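Here is a friendly walk through one chain, meant to be read with the viewer open. Take the headings in order, or jump to the part you need.

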Amino acid sequence: MSTATETKTALRGGEFLIKDSTWEDIYIPEEITEEQKMMRDMTKDFIRTEIDPNLDKLDHDPMLGIDILNKAGELGLLGLHIPQEFGGEGKDLTTFSFVTEVLGWGHGVSVAIGAHTGIGTCPIIYYGTDEQRKKYLPKLATGELKAAYCLTEPWSGSDALGAKTKAELSADGTHYVLNGQKMWITNAGFADVFVVFAKIDGDKFTGFIVEKGFEGVSTGAEEKKMGIKSSSTRQVFFNNVKVPVENLLGEIGKGHKIAFQILNIGRYKLCNGVLGGAKRALNQAVKYANERQQFKTPIAQFGAIKHKLGEMAIRTWTAESASYRVCDWINQEEHKLKAAGKTMTEYLTGGAEEYQIECALLKVLGSEVLDFVVDEALQIHGGYGFSEEYPMARAYRDSRINRIFEGTNEINRMLSIDALLKFAMKGKIDLMTPGMNIQKELMSVPDFSSPDADDIFGAERKVLKNAKKAFLLVAGGAVQKLMMQLEKEQEILMHAADVLIDIFAMESALLRAEKLVNLHGLEASQIYVDMVKCFFFDALDRINTNGKQGLAAFASGDELRLMMMGLKRFTKYEMINTRDIRRAVADKMIAENGYCFWD
Ligand SMILES: Cc1cc2nc3c(=O)[nH]c(=O)nc-3n(C[C@H](O)[C@H](O)[C@H](O)COP(=O)(O)OP(=O)(O)OC[C@H]3O[C@@H](n4cnc5c(N)ncnc54)[C@H](O)[C@@H]3O)c2cc1C
């Protein structure tokens with residue numbers, strides 16, 4: 001773990017909404033260590049030599065993923081997060097994240113590697129017995145065994161617990177008999193080990209480790225997918241499969257804990273990976289814009305293109321700030337729990353569980369930033385963007401899945417608010433006091449004070465506090481008014497989650513920029529200060545719009561008017577010239593011929 005990580009104060013999950021943080025508390029990717037840099041460079045070489053030249057071939061034959069996984073295994077990329085005592089490298093989440101981000105360049109192959117190291121292997125690391133860990137993890141670390149995760153079924157996707165796959169204990173008590181069918185299983189074409197969820201006696205949702213060699217396991221044909229064609233996706237069938245009792249994973253009836261915990265950390269990792277993809281698309285867009293001439297001018301020189309490039313970079317950098325912030329929090333939590341003598345299961349799952357709200361927010365944020373970036377990158381390529389001879393068509397197709405798997409973005413939006421309310425009900429965070437203070441503030445004279453003129457981020461700090469009030473105004477008002485009915489008012493939940501995402505992104509970007517200013521001075525960091533201001537400007541508009549729509553869905557008359565006045569007050573920000581900022585951001589990338597804000 002980096003020294004920086006050890007000295008920072010982490011907020012508890014969801015607390016960002018009610019507590020302030022300082023720049024000293026945030027981990028930023030610029031704190032990467034020499035060792036992490038070396039691993040990152042090695043991963044870049046791996047992508048450039050093993051994946052990039054073979055993208056077309058891989059898209060036509062996902063089974064070639066076997067060779068790629070073998071090579072990744074030889075380089076140690078598959079065992080980074082596996083504890084050393086079980087044959088892995090035992091690296092912390094930060095190191096894993098630096099590598100995952102680069103692996104995010106690899107299109108469908110990234111998904112294959114991510115499914116193997118993440119949802120395929122993590123259930124065994126986190127919940128396996130020591131015997132199961134010893135048996136499977138060393139071979140999963142080298143790639144000798146390849147893993148898949150079988151949760152979804154044809155009839156149950158988002159409603160994962162509605163699974164029909166059944167397991168019944170044999171009369172002699174030596175094995176379970178598994179029957180059922182799983183759908184959309186990544187790596188199914190070549191996986192040797194399947195983590196499968198099934199119901200014992202029809203109702204006890206439970207995890208199992210199933211080997212390909214067990215009689216009765218078979219797979220369907222490759223799915224004909226719109227994107228990530230180089231990853232294998234098939235149905236998996238279980239026909240009277242005898243699974244030895246020692247292959248039961250975790251506890252009987254507690255499979256939901258495994259399934260959801262794995263998805264928590266999976267959501268964080270998804271965000272991490274998609275940001276690598278976003279930077280790559282941005283690099284390609286900048287290079288193309290510099291080369292392509294129209295009207296005897298490189299298109300990069302047109303304001304419309306600079307606007308796109310600037311905005312793509314600002315969103316990517318902001319999401320990246322949020323992603324590494326959460327990475328450090330999870331890391332710290334894991335280390336804290338380990339130091340407190342918790343079991344491997346407890347300390348490895350504790351981090352992602354604590355930050356489940358942030359993991360859900362990051363999943364939505366990252367996947368939507370990537371979709372925005374690849375869409376604009378394609379547009380910058382014009383007709384060539386639409387051609388399979390150029391890289392953007394593949395990037396565009398491959399991006400889209402990220403809003404669907406690891407819980408759809410709708411489900412993740414609802415989860416984030418649901419978890420926040422549960423945290424509040426359990427007394428883990430106090431939303432009541434700040435909520436009541438807002439009610440009082442609405443009835444009092446507005447605060448017209450201006451921030452200290454010498455404080456570069458004074459306005460943003462004030463506005464950030466106000467944005468949090470805007471959230472509490474909308475979500476708190478909805479809870480008071482609708483009570484238990486709120487969970488059925490999904491439109492309001494969606495608006496509230498969008499506000500939450502913007503707040504988390506705003507704060508993370510602000511703290512990162514403040515840290516950079518403190519580390520390197522204002523002159524060297526001016527561009528980041530400006531990027532933050534530009535993001536704030538747009539985010540506050542979005543918060544206002546989401547807030548208005550949320551409020552109008554449950555309030556009316558004088559009550560609505562009063563709340564709207566509050567919302568207007570809480571989303572007010574200074575007028576800034578966002579055109580100039582985006583131009584400056586684009587100009588820097590145009591001059592450097594690529595994304596240049598970190599790495
Ligand atoms: C390429 C690919 C790879 C995959 N890999 C794996 C894998 O390795 N292992 C695995 O187990 N699964 C995998 N999946 C499955 C994936 O996780 C599911 O597709 C996803 O969870 C959504 O489920 P669904 O497709 O059944 O959609 P549905 O759940 O039917 O959802 C359809 C739409 O309804 C919305 N919706 C659903 N429920 C609600 C609700 N309560 N309120 C509001 N809106 C709702 C959804 O947001 C979505 O927009 C993969 C899928 C794909 C396409």
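## The tail and its backbone

Asp599 sits in the segment that follows helix H21 (578-592). In this predicted model, Asp599 has a phi near 70 degrees, a positive value in a residue other than glycine. Most residues other than glycine have a negative phi. With 16 other C-beta atoms within 10 Å, Asp599 is partly exposed.

Asn240 is another residue to look at for its backbone. Its phi is near 50 degrees, again positive in a residue that is not glycine. Asn240 belongs to strand E7 (residues 233-244), and it counts as exposed because it has 10 C-beta neighbours inside 10 Å.

## Confidence

How confident is the predictor across the chain, on average? The average pLDDT is 96, and 99% of the residues score at least 70.

Residues 1-5 are a stretch to handle with care: pLDDT stays under 50 there, and the model has 15 contacts beyond four places in sequence for them. Where pLDDT is low, the predicted coordinates should not be read in detail.

## Domains and the nonpolar core

The chain is divided into domain 1 (147-256) and domain 2 (422-592). Taken over C-alpha atoms, the centres of domain 1 and domain 2 are 43 Å apart.

Which residues touch the most other members of the largest nonpolar core? They are Phe208 and Phe471, in a core of 184 residues. Helix H9 supplies the largest share of this core, with 17 residues. The core also draws at least three residues from each of domain 1 (147-256) and domain 2 (422-592). As a general background, nonpolar side chains tend to be buried together in soluble globular proteins. If you centre the view on Phe208, its contacts, leaving aside neighbours within four places in sequence, are Ala167, Tyr176, Leu178, Val196, Ala198, Val243, Asn247, Leu248 and Leu249.

## Around the ligand

Now for the ligand. The shell around it holds 20 residues, of which Leu151, Thr152, Gly157, Ser158 and Thr408 come nearest. Strand E1 (147-150), strand E3 (175-186) and helix H15 (409-425) are the elements that each give two or more residues to this shell. E3 gives the most, with 3 residues.

What is the make-up of the shell around the ligand, in nonpolar, polar and charged residues? It divides into 11 nonpolar, 7 polar and 2 charged.

## An enclosed helix

Helix H14 (residues 391-399) is largely enclosed by the rest of the structure, because 7 of its 9 residues are buried. The buried residues of H14 are Pro391, Met392, Arg394, Ala395, Tyr396, Asp398 and Ser399.

Which helices do the buried residues of H14 pack against? Their partners are helix H3 (55-60), helix H6 (107-120), helix H9 (255-291), helix H12 (356-380) and helix H13 (382-385).

Leu551 lies in helix H19 (residues 522-554). Is Leu551 buried or exposed? It has 23 C-beta neighbours inside 10 Å, so Leu551 counts as buried. Not counting residues up to four places away in sequence, Leu551 touches Val474, Gly477, Leu560, Met563, Met564 and Leu567. Of these contacts, Gly477 is 74 residues from Leu551 in sequence, with the two C-alpha atoms 7.9 Å apart in space.

Gln549 is also placed in helix H19. Gln549 counts as partly exposed, because it has 15 C-beta neighbours inside 10 Å. The C-alpha atoms of Gln549 and Ala539, 10 residues apart along the chain, are separated by 15 Å.

## A lysine in a loop

Lys8 has its place in the loop between helix H1 (3-7) and helix H2 (34-51). With 19 C-beta neighbours inside 10 Å, Lys8 counts as partly exposed; the cut-off for a buried residue is 20 or more.

What does Lys8 contact beyond its neighbours within four places in sequence? The contacts are Glu24, Asp25, Tyr27 and Asp328. Lys488 lies 480 residues from Lys8 along the chain, and their C-alpha atoms are separated by 39 Å.

Notes:
Residues are numbered from 1 along each chain as its sequence is written. This is a predicted model: local features need pLDDT of at least 70, side-chain atom pairs count only at pLDDT 80 or more; totals for chains, interfaces and linings use all residues. A residue is buried if 20 or more other C-beta atoms lie within 10 Å of its own, exposed if 12 or fewer, and partly exposed in between; C-beta atoms are placed from the backbone. Helices (H or I, at least four residues) and strands (E, at least two) are DSSP runs, numbered from the N terminus. Two residues are in contact if their C-beta atoms, placed from the backbone, lie within 7 Å. A residue is near a molecule or strand if its C-beta atom, placed from the backbone, lies within 6 Å of it. Ala, Val, Leu, Ile, Met, Phe, Trp, Tyr, Cys and Pro count as nonpolar, Asp, Glu, Lys and Arg as charged, and the others, Gly among them, as polar. pLDDT is the predictor's confidence in each residue, from 0 to 100. Domain bounds come from an automatic or database domain assignment. A nonpolar core is a set of buried Ala, Val, Leu, Ile, Met, Phe, Trp, Tyr and Cys residues joined through C-beta atoms within 7 Å.
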